[in-house]
Amino acid sequence: FEMEAEKNRVTEKLEMEQLQILVREKLSGKRYLLVVDDVWSENRDIWIQLSELLQGGRWGSKIAVTTRSQKVAFALDAEYTYMLQALPDDASWNLFKQLAFRKGPEDKHPSLVQIGKNIVKKCHGVPLAIRTLGSMLRCKREENEWLSIQENEIWELHDVMNILKLSYDHLPSNLKQCFTY
C-alpha cells in the first residue's frame, strides 16, 4: 500500500512539472490577462509559486484576482484593490425585474411585483443573489411560488451560498445530479 501511495505522489509531481512547463511555454514572450476568480486561500506560499510560474510573459501582462476576503488580498500583496459596493435599491430592482419578468410585463403581475421587491430587499444589493433568484422565478407566475421564496428561512442567514442552495433545490433532478457530480 505504501509503495502504491509513493508511486501516486511521484506521478502527481511529474504531472505538475509537465503542466508547469506547458504553462511557461504557452506564456513565454506573450502578453496575457489572467483572471483568477473567487480565491479563498490565504496561503501566501501558493501565490508566490503561481506568480513565479507566470514570470515569462511579456511586459504589460496582468493578473486580476477576485475574492470576497480582504485577508486574501493582503496575502496576495495586491498592488491595487477595489472593494465592490452593494447595488443601490433601484439598480437591484431593475436587475431583478429584467430577469424575472422577461422585458417588462411586470404590470401584468402586480401582486408579484410587490413580492419581488421584498425579495430584492432581502438580497442586500448582492448581484449574484439577485440574478440567481430573478432567473429562478422567470418561469414561475404563481404567487405561492414567489411567496415561498420570500418567506423561506434562508434569509435569516444572509448568506449567498444559501441563496444558491435555494436555486439548486429548485432544479430538476437530472440537473441536480450534474451539480452534485
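These are my notebook entries on a few places in this predicted model.

**Ground rules.** I number residues from 1 along each chain as its sequence is written.

**Strands.** I looked up the pairing of S1 (residues 33-36) and S2 (residues 62-65). They run parallel, joined by 4 bridges. Pairing requires at least two bridges found by DSSP. Helices (H or I, at least four residues) and strands (E, at least two) are DSSP runs, numbered from the N terminus. Val35 stands opposite Ala64 in S2. With helix H2 (residues 44-53), S1 and S2 make a right-handed β-α-β unit. Right-handed means that, with the strands pointing away from the viewer, the path from the first strand over the helix to the second runs clockwise.

I checked Ser69, in the loop between S2 and helix H3 (70-75). Ser69 counts as buried because its relative accessible area is 13% (buried is under 20%, exposed over 50%, partly exposed in between; 1.4 Å probe, protein chains only). Beyond neighbours within four places in sequence, Ser69 is in contact (heavy atoms within 4.5 Å) with Trp40 and Glu42. Next I took Lys71, in helix H3. Lys71 is exposed, at 58%. Its C-alpha atom is 10.0 Å from that of Asn43, 28 residues apart along the chain.

**Helix H1.** I ended on Leu22, in helix H1 (residues 2-27). Leu22 is partly exposed, at 42% relative accessibility.

Methods
Predicted model: local features only at pLDDT ≥ 70, side-chain atom pairs only at ≥ 80, totals over all residues. Heavy atoms only, no water.
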